[in-house]
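Try each task yourself before you read the solution.

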Amino acid sequence: VVAAVVKASAISLEHFLALQIDGIQGKRRHEQELKQKAIDDAQRALQARESYSVGKLAQLYAAVLIKEGKPSAKEVFNAVERHVMSHPLALEAASDITNEQLAELLRPIYERGNGRQGNKVRSYLHAAFSLAASSRASPETMGPFIPFNVRFNPVAQVKAGQDANRPDKDPLSTEEMRTYWRCIEEVPGPKGAALRLHLLGGAPRIMQFVRARCAELTEEGMLLWDLKGRPGGGPRKHKLPLLLVMEDALVDLPRTGTYLFSSTGGRSHISNTTLSNWAREAVGDKISRFTLKRTRSGVETLLSMLKVDIKHRGYLQSHGISGVQSKHYDANEYLDEKYAALEVLHEALMSDEAPVPTHVQAKRKASQDRAELRRAMAEKSEICAVHSLSRAQVSSENAEVKDNDEIAPKAAKGLRLVINNG
């Protein structure tokens, strides 16, 4: 009985306290609603996590590159599908993931000994998170990145692999550059023409070169488009002047359709791999570890040795433009400077003499001057020695004459004495 009374009192108190929400029944309905709201919130969070996850962000970044026609789009898409989407952390919300989790996502790539690929995937994720983080504060940034609710870039705190991030400096030597030129100089037809235009044009980026259009060939030269850069930045024009020998090569290219370098009548351009394979076939085994990529650094190195200005080399090979003056004020295309650099390149490829650094030339001249000075000093010493010997001979002869002059009178006097005594 006491327990029943206590229970009834508790129920009455609970009912009294819940009168403002329709009593105890209303309180129970309210509790049920709260539970359902928590379940709904959890489901929405799960859906948001799946819809705005790290994997979805990476896929969106790859899709933007594909839409803008970036040359790296296919490589980025394949890397995302293989290395990001296959990892469980790809399902984590992009707004909640930490730098430690991203390092864990990338770690398997490095553990397989593929550090260079790991650095690439890291750079793709860095670019994706950077776009998402800036989208909230910039009206010009692409809208699809805003719902990811990324407020900072966690990839910035993930270190790249240092061993795999070193510059790949492996240029062709001067002699290898000349060997390559001799290999492609007489290759007939469109293949040889394309290879000669590529080398004599300063070895532009292959992906940039193969996309040349027939309509963009003018008297001033060939117009190429540099597609590198951040999404939304757009391609950058790169005008390349043509030497007469390059114009001769153009004769072997049928200018039909849209693209200059094509195996489909100009409907589509050849691939990067096709041009590289043509070069490899022409070289054969004449150059060790040959790749067409090495000609680009080979041109840069050769022109540097021949004292072509670093700024003009940069414009010739369409390196990145930096500085306020270059980006916003200087619209000069430096066609004359590019043409002069290409003339130096062509002359060097045709020559048999290796370029000699200036300090070596100066040292050689100093050595020659020193040798000439030593010869002159030796000749002077020899002349002086001859003169000294001549003076000594003259003095000796004079002494002999003097002695004879003194002896003769004495001999005559002695002779007279002998005669008189006799």
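**Exercise 1.** Work out whether Ala203 is buried or exposed, and what its phi is.

*Solution.* Start with the surface: Ala203 has a relative accessible area of 0%, so it counts as buried (under 20% relative accessible area; exposed is over 50%, partly exposed in between, with a 1.4 Å probe and protein chains only). Next, the backbone: phi is about 55°, a positive value even though Ala203 is not a glycine. Most residues other than glycine have a negative phi.

A quick note on the source: this is a predicted model, where local features need pLDDT of at least 70, side-chain atom pairs count only at pLDDT 80 or more, and totals for chains, interfaces and linings use all residues. Residues are numbered from 1 along each chain as its sequence is written, and side-chain values use heavy atoms, leaving out hydrogens and water.

**Exercise 2.** Find which residues Leu342 touches, leaving aside neighbours within four places in sequence.

*Solution.* First, check the surface: Leu342 is buried, at 0% relative accessible area. Then list contacts (heavy atoms within 4.5 Å): Leu200, Gly201, Gly202, Pro241, Leu243, Met246 and Leu316. Finally, look at Gly201: it sits 141 residues away from Leu342 along the chain, yet their C-alpha atoms are separated by 6.8 Å.
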